[in-house]
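Let's take a friendly walk through the spaces inside a protein. Keep the picture at hand as you read.

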Amino acid sequence: MSTELIRPARTLQGSLVLPGDKSISHRYAMLAGLAEGTSRIANFSTGADPYSSLACMQALGAKIEKKEKHIEVTGVGGSFSQPSEPLDCGNSGSTMRMLSGLIAAHPHTFTLIGDHSLTQRPMERIRKPLAAMGANITLTDGHAPITIHGGRLQAIDFETPIPSAQVKTAVLFAGLQADGTTSLSEAILTRDHSEHALRAFGATLIRENSRLSIAGGQKLHAVDATVPGDLSSAAFFLCAALLFPDSNLILDAVGLNPTRSALLDVVAALGAKIRLLNVEERHGELVGTLQVNANPSAAPTKPFEISGALTAQLIDELPVLSAIAPYTRSGLIIRDAQELRVKESDRIALVATNLRAMGAELTEHPDGLDIPGGQTLHGAQIDSGTDHRIAMAFSVAGLRASSETEIDGAEAAAISFPEFFRYLRELCPS
Ligand code: S3P
């Protein structure tokens, strides 16, 4: 386990081009693996998680070649082969859940395994709809290891019981290969990268209000694509920009998909000026350049509340928003975030423990936190819980603490953002 020392910083200044979005990289890896032909994917995520998806594609018969500036994936043309070993999803819930939907229609036996954290995460949420489609899928006490005896699937009409883009994707990927037309509706809209990615690879998807339909038996074709920079990685620097009155941050080629970009509104509402310098569309995904400066006079005078649909849209950014909340003028109220308890760690409990270690006052609820603003924190020894977003969130909190902070288990950052500590040192001098 490695420890990273975070010294109080003076400012945040500079520009970044972020590695490719983790969510989009998973989807491009999987769909390229299934498609016919060779896809070229530039700015693929550098995180360990999307590499778990690539390794699984290789185990299923796709050919992966790492070139200097892109990754080439030669797909199996619609037919995965029987892997000789269990499919190792590492720490990645996205790999395990979405892959289950992608492979369930293939006539082989698959075992999906993961690390200690992944083996504790709930998998019934994908077993249920896939079983309703006719998949023979067995969990171990609701968790991984998962065994799938693949075979023909039938379309279903599915309403997602929890807001989860991974569950939605598992059903869409299975529906793509089922008999009939699968439809799916979401009470709360989650990130729509799978919809854009499926279309980019040549599939037809129909959306009518909140209902999506996908006909089975569609073939996918290889693409040349560039993955937009990861906005969830950018979030650590966007939140750090709130901490210094003279901060100036430029983020180039960052993903601005509207189902992910609520973060920008929240950071602006907490006291930042965000300018969009240009925007373009690539394979359905918006990409642009952002300039971010602190704007303390815009900070709210009442606690800012994140609940309902906004919670679902910010699910990956809640750890860092919570970690900087004590420094904001009026603090943060987070509700409807019970899903945070079943991420790579129990993120509500770990945020509360680590903030208290830094001297913060807060109240923990089953589905959220109340974190008053206007607090002064001191440095502390932080437990990342081997959770990448906790390691990075508390590194940002450490920038404004009155003394040094030690992040134990800092290596977890590499799950999504291996360059994080280097960029933090470059942008935030002590
Ligand atoms: C993701 C969906 C979210 C998110 C995860 C990535 C995706 O998970 O937390 O980091 O790429 O679809 P859930 O589907 O469990 O909400």
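How much space lies in the second largest cavity? About 30 Å³ lies there. A cavity, on a 1 Å grid over the protein atoms alone, is a set of points where a 1.4 Å probe fits but cannot get out. A volume is the space filled by probe spheres set on the points, with grid points joined across faces, edges and corners.

## Before we start

This is a predicted model, in which local features need pLDDT of at least 70, side-chain atom pairs count only at pLDDT 80 or more, and totals for chains, interfaces and linings use all residues. Residues are numbered from 1 along each chain as its sequence is written, and side-chain values use heavy atoms, with hydrogens and water left out.

A search of the whole structure turns up 2 cavities of 30 Å³ or more. The second largest cavity is lined by Asp21, Lys22, Ser23, Arg191, Asp230, Ser232, Arg260, Asp316 and Arg389; lining residues have an atom within 4 Å of a point. That lining has no nonpolar, 2 polar and 7 charged residues. Here Ala, Val, Leu, Ile, Met, Phe, Trp, Tyr, Cys and Pro count as nonpolar, Asp, Glu, Lys and Arg as charged, and the others, Gly among them, as polar.

The largest cavity holds about 40 Å³ of space. Among the residues lining the largest cavity are Asp21, His193, Leu256 and Arg260. Its lining divides into 3 nonpolar, 4 polar and 3 charged residues.

## The pocket and its ligand

Now for the open spaces. A pocket is an open set of points with protein on both sides within 12 Å along at least five of seven lines. The largest pocket has a volume of about 550 Å³ and is lined by 36 residues, with Pro163, Ser164, Ala312, Ile315 and Lys343 nearest its centre. The lining of the largest pocket has 8 nonpolar, 13 polar and 15 charged residues.

The ligand takes up the space of this largest pocket; a molecule sits in a pocket if more than half of its atoms lie within 2 Å of its grid points. There are 13 residues around the ligand, and Ser23, Arg27, Ser164, Asp316 and Lys343 come nearest; to be near, a residue needs a heavy atom within 4 Å. By class, this shell has 3 nonpolar, 4 polar and 6 charged residues. Helix α1 gives the largest share of the shell, 3 residues. Helices (H or I, at least four residues) and strands (E, at least two) are DSSP runs, numbered from the N terminus.

## Contacts with the ligand

Which residues make polar contacts, meaning pairs of N or O atoms within 3.5 Å? One is Asp316, with a side-chain N or O atom 2.6 Å from a ligand oxygen. Another is Lys343, where a polar side-chain atom lies 2.7 Å from an oxygen of the ligand. Ala165 uses a polar backbone atom, 3.1 Å from a ligand oxygen. The protein covers 95% of the 380 Å² of accessible area that the ligand has on its own, computed by the Shrake-Rupley method with a 1.4 Å probe.

## Two spots in the backbone

Most residues other than glycine have a negative phi, and most peptide bonds are trans. The bond joining Ala144 and Pro145 is cis, with omega about -5 degrees, and Pro145 belongs to strand β9 (residues 143-149). Asn209 has a positive phi, near 55 degrees, and is found in the loop between β12 (205-208) and β13 (211-215).

How values were computed: A polar contact is a pair of N or O atoms within 3.5 Å; within protein, one must be able to donate a hydrogen and the other to accept it, and residues adjacent in sequence count only if both atoms are side-chain atoms.
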